[in-house]
Structure formats: C-alpha cells, structure tokens
Amino acid sequence: MSAKLIIQLAALLGGLGVAIGAFGAHGLRAMLEASGRFDTFETAVRYQFYHALAMLAVGVLATTRPELRGPLGTTAALWLGGVFLFSGSLYLLCFTGVTKLGAVAPIGGLLLIAGWVRLLLAVSKL
C-alpha cells in the first residue's frame, strides 16, 4: 500500500468518524440512549478516530522511510480491516439491535492489535 493511499484512507476514516459521530450525537442520541447503546456507539467512533490518526502518522512515516512502506502498508491494512470489523459491527449493533453482531467486534479488535504489533516490528529496524 502506498503512502499516499494510507494517508487518503486515514482522511476517509477521520472524515467518516466526524460524520458518523455527529449523526449519532445529534440525530440519533435519543434512540441510542433509549436502547442503551450510546456508550457502544461512542466506543466505535473513538476507536475509528484513534486508528484514523494512527494511520495518518503511519502514512507520513511511509513518505519519509520508503524502505518501510511494505510493512507500514500491512499495518494500515490491518487497521482498516480492524476498524471495519470492530467499529462497523458496533455501529450495526447499535442501529439494528442484532446482538450477534457483537461477536464480530473481537475479531476486529484482534486485527487492530495485529496492526500495532506489525508497526512495532516494522520500526524495530530504525
């Protein structure tokens, strides 16, 4: 994955995080609170943002250290998949009430952790 693509994906995740977070906090707050899912929604948005910012940093690092682009691209791909599965499953849980979707979140969490481990290994060569 190129540094440019990593930064573009970080921008997309960040922008979507703002939009989804604002929609949830303003347009859906009453529904989320009534269903007891407001905290779950907040967790999904928070983790999405954490990883958008982390991907931005990884993308910038990839522009300055071309020899790390492969491992950093893998890091970004793991985080992207992790956000999709972790935050995505929590969003769906909040909107649909299908509790079985909560079982997908740990898989996303493992991908997020794997991305951090991959980053640790990648930068150990610096």
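The model is predicted: local features need pLDDT of at least 70, side-chain atom pairs count only at pLDDT 80 or more, and totals for chains, interfaces and linings use all residues. Residues are numbered from 1 along each chain as its sequence is written, and side-chain values use heavy atoms, without hydrogens and water.

Start with the charges. Side chains of opposite charge can pair when their charged atoms come close. A search of the whole structure finds two salt bridges (a side-chain nitrogen of Lys or Arg within 4 Å of a carboxyl oxygen of Asp or Glu). One joins R29 and E33, at 2.9 Å from N to O. These residues sit four apart in helix α2 (residues 29-34), so about one helical turn separates them. Helices are DSSP runs (H or I, at least four residues), numbered from the N terminus. R29 is partly exposed at 35% relative accessible area, and E33 is partly exposed at 44%. Buried means under 20%, exposed over 50%, and partly exposed in between, with a 1.4 Å probe and protein chains only.

The other bridge links R65 and E67, at 2.6 Å from N to O. R65 is partly exposed at 31%, as is E67 at 48%.

Now the helices. The axes of α3 (residues 38-64) and α5 come within 12 Å and cross at roughly 25 degrees. That makes α3 roughly parallel to α5 (angles under 35 degrees). Axes are lines fitted to C-alpha atoms, for helices over the stretch in contact, and angles run from 0 to 180 degrees between N-to-C directions.

Helix α5 (residues 105-123) also holds L110. L110 is exposed, at 58% relative accessible area.

How values were computed:
Helices (H or I, at least four residues) and strands (E, at least two) are DSSP runs, numbered from the N terminus. Angles under 35 degrees count as roughly parallel, over 145 as roughly antiparallel, 65 to 115 as roughly perpendicular and the rest as oblique.
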